Amino acid sequence: MNENPSAPQPESVAIPETLPMFVTRDLVIFPGLIVPLTITDETFSKTMDYMSERGMRTLGLFLRKPDTADDEKDMKSVHKIGTALTIHRMQRTSEGAVRMIVQGLDRIELKELTQTDPFPMGRITVRDHKPRKTVRLEALSRALKDDFEKIAELAPDMPEELKEAVRNLDNPSVLADMISAHTDLDVQVRQQLLGTVKVPERMRLLRELLDRELRILQVGTQIQQKTRGEMEKTQREYFLRAQLRQIKKELGEEDDGASEADEWRQRIDKAELPERVLEVAEEQVKRLDRINPASAEYSVVTTYLDWIVNLPWEKLSDDNLDLNHAREVLDEDHFGLQDIKDRILEVLAVRKLKPDSGGSILCLVGPPGVGKTSLGRSVARAMNREFIRVSLGGVRDEAEIRGHRRTYVGALPGRILQKMKDAGTRNPVFMLDEIDKLVSDFRGDPSSALLEVLDPAQNDTFSDHYVEIPFDLSKVLFITTANYPENIPEPLQDRMEMIRLPGYITAEKVEIAKQYLVRRQIEANGLTKKQIKFSPAALEEVVVYYSREAGVRNLERLVGQICRKVAFKFATDEYTGDKKISVTKKNVSEFLGPRRITPSWATRQPEVGVTNGLAYTPVGGSVLQVETARMPGKGNVRITGQLGDVMKESAQIALSWIRAHQDSLCVEGNVFETSDLHIHVPEGATKKDGPSAGVTMTTSMVSLFCGRKVRSDVAMTGEITLTGHVLPIGGLREKVVAANRAQIKHVIIPADNEKDLEKVPEDVCAAIEFHPVRTIQEVLELALLPHADDSSSGKAATAVADGKSNGHDSSKSSNKQKKDKTAEVTAKRKGDA
């Protein structure tokens, strides 16, 4: 092949039906474009040898698809539309590379691969589209020229000859290809334009791409102009300040301590920093002397110095460790919660006896609205310390705790040191709220960063990524709060002492409303005690029939709603200034509407297969009914009510125990093979889990199979084993309080939980009769009524109501146990007082 042929006109070159192919990943050449190429591919060298031997000057250029490998040689690995190239000049280098000048002739479509080794060849057809001239095509041509003109104005390196050539082009296809070739586009986008054979479609696509490129260039130009303007302004201010300093020096008005570095030295001296911090601060001031104030690093250093100077490295507030004063403050701010108050006072007592004690980290666990956060404020007020609070709900970045490195733009310390700066002392009461709501993802695990903060053995040298100087947190009294303790990682739980705040009973809510909520809402709504009064019966009505919660947050909202309605009537002169509104049980509905809650005891009746169970949830105790139904079938069991795996296993254990003891229970022999069983726990929108529903499910199923109704005034809790033993459970206090709220008169509990009754309020103990049991047989004797068709059913039901069932006098033993336990709990509480 001639190495230096003269460049022919593209129109005069005939394109053969079979062409050698050059497949590439990063090159698209449009028809009419002349391009110099340097190719080092060995396969292409073989292609050139083949073409030289036969005097060929034409080859096909195709783009490989992005998701294919280089060694794939089938048609699916390349785009079908490519470009036929003619070689004007070719030269081989000593390194084996091929240098040549090629020109695009026409679009070609690959129809078939005729050869793959040692180089690819294919059968092609020319794809040329000559549209008829229309007004729309002319409009597209003019729009493309205008857009390219605008892009050329924003691109200073665009040759003037190219701009003139585009202006003079009349062929729409050549115009589109020329603009496409000289616009900065991705190679796959170029292939998309090359593959669009129809000229109007290609021009519309190119118009969209040019519009996007134009917007990018305009934004880039604006950014450059703005940056250049800011730099010029900064430089101008720097020179003016330098001239001003020189003028002051000539006039003798220069202040030796007026420089910013000297001001920082004065602030550092006044801050009385520890030695290790002082060394770092002085080093940063020396850097400040050497930095141009106009540079970005100058503001980074001054911001860092500001944080160092303002952190309370040595400042401590004077603690008030008077335990009597602390008890008065806690009693003044919170009703009840005696166990929690005693534990807080114990912490203060230890700090009084041993001031350098690190102490324990308290974690207040309980349902929303029971006073966890306000307890922290009361502790701070009792100890005369600053109170700071950080909400950790939704925090997912470790830098929120430890801060960012100073190398990042806009870096700041983490929330711990930010709040310590706000407190102004090194020994505040620091509340980490909602610690169970931390989130871990690819940005880090903030709970791991808290391990150092909440470890008394480590937090005296807490290291923040921004400050990078150990900060002593050992004097801080950390208090955390949580609703779901199971969501807290175990290493973090190990560093904290869990203190559970139970839900309030009705009497406690009424007292809290009388002592705190009513007064607060009267003041918040602009009323006075002379204008409105709440009766205790009205507050009880609101608690029982309008608010179902473990805390008092919704109760306060309801009291506020009543106060707002009264305030509205006073503001509109419907009530005169000297009139006093009494909110009573009878007129509560006038302010809050009809009763929102229908208590379960209002419609409760003994039924077959329906049993009252007791559950513990993060928002307090709850009474749940377990319902069981039987229908013809093949022995399938269906369990619904959004139950967890543990609760489903309890149902299977209960069924297995019943089948193992069906003879003693008088259950028909083939009932399990001819019937399907459906177990349901209402309130399906609430997730439920845990083993304590085992006895409840067993009683419900035995009631169904035996046809005996379950007493409606009995509730129960306990885990069951396959051998019929009743195991202890947790959350007894909350469950018993929920039973009292639901007016349950008899509660069946595991015998091993009898010791936990001392934690139950005395008035609740007095209203409920407890029946400790060790086996499921005892539960069935207490909970099931005799058969409805028994002639003596009325007497038997009366006997069961009195505590007698099947010859078992549970009333005597339970009453005696209850009286002994109540007396023991009362004596113990008096002794503690």
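Val35 lies in strand S2 (residues 34-39) of a predicted model, in which local features need pLDDT of at least 70, side-chain atom pairs count only at pLDDT 80 or more, and totals for chains, interfaces and linings use all residues. Residues are numbered from 1 along each chain as its sequence is written, and side-chain values use heavy atoms, with hydrogens and water left out. Helices (H or I, at least four residues) and strands (E, at least two) are DSSP runs numbered from the N terminus.

**Surroundings of Val35**

- Val35 counts as buried because its relative accessibility is 15%; buried means under 20% relative accessible area, exposed over 50%, and partly exposed in between (1.4 Å probe, protein chains only).
- Leaving aside residues up to four places away in sequence, Val35 touches Ile29, Met100, Ile101 and Val102, where contact means heavy atoms within 4.5 Å.
- Val35 and Met100 are 65 residues apart along the chain, and their C-alpha atoms are separated by 8.5 Å.

**Backbone features in loops**

- The peptide bond from Asp117 to Pro118 is cis, with omega near 0 degrees.
- Pro118 belongs to the loop between strand S5 (98-115) and strand S6 (121-126).
- Glu272 has a phi near 55 degrees, a positive value in a residue other than glycine.
- The loop that holds Glu272 lies between helix H7 (260-271) and helix H8 (275-290), and Glu272 is exposed, with a relative accessible area of 63%.
- Glu468 has a phi near 60 degrees, again a positive value in a residue other than glycine.
- Glu468 is found between helix H15 (446-453) and strand S10 (477-482), in the loop, and is partly exposed, with a relative accessible area of 44%.

- Strands of a sheet pair through backbone hydrogen bonds, either parallel or antiparallel.
- Five strands form an open sheet in the order S8-S9-S10-S7-S11, with parallel pairing; two strands pair if DSSP finds at least two bridges between them.
- The edge strands of this sheet, each pairing on one side only, are strand S8 (387-391) and strand S11 (496-500).
- Neighbouring strands of the sheet are turned by 25 degrees against each other on average, direction ignored.
- Strand S7 (residues 361-365) runs parallel to S11 and is joined to it by five bridges; Val365 has Arg500 as its bridge partner in S11.
- Helix H14 lies across S8 and strand S9 (429-433), running at about 155 degrees to S8; axes are lines fitted to C-alpha atoms, for helices over the stretch in contact, and angles run from 0 to 180 degrees between N-to-C directions.

**Packing of H9 with H14**

- Helix H9 (residues 296-310) and helix H14 (residues 415-423) pack at an angle of about 60 degrees, and their axes are 10 Å apart.
- That makes H9 oblique to H14; angles under 35 degrees count as roughly parallel, over 145 as roughly antiparallel, 65 to 115 as roughly perpendicular and the rest as oblique.
- Asp306, Trp307 and Asn310 of H9 make the contact with Leu417, Gln418 and Lys421 of H14.
- By class, the contact of H9 with H14 has two nonpolar, two polar and two charged residues; Ala, Val, Leu, Ile, Met, Phe, Trp, Tyr, Cys and Pro count as nonpolar, Asp, Glu, Lys and Arg as charged, and the others, Gly among them, as polar.

**Packing of H23 with H26**

- Helix H23 (residues 694-706) packs with helix H26 (residues 776-783) at an angle of about 60 degrees, with the axes 10 Å apart; H23 and H26 are therefore oblique to each other.
- The crossing of H23 past H26 is right-handed, which applies if the near helix is turned clockwise from the far one by less than a right angle, and left-handed if anticlockwise.
- Val695, Thr698, Thr699 and Val702 of H23 meet Ile776, Val779, Leu780 and Ala783 of H26 in this contact.
- The contact of H23 with H26 comprises, by class, six nonpolar, two polar and no charged residues.

- Five of the five residues of strand S23 (residues 746-750) are buried, so S23 is largely enclosed by the rest of the structure.
- In a regular strand the side chains alternate between the two faces of the sheet.
- Both faces of S23 are covered, with His746, Ile748 and Pro750 buried on one side and Val747 and Ile749 buried on the other.
- Strand S20 (residues 714-716) pairs with S23 in the parallel sense over three bridges, and Met716 has Ile748 as its bridge partner in S23.
- S23 also pairs in the parallel sense with strand S24 (residues 769-773), over five bridges; Pro750 stands opposite Val773 in S24.
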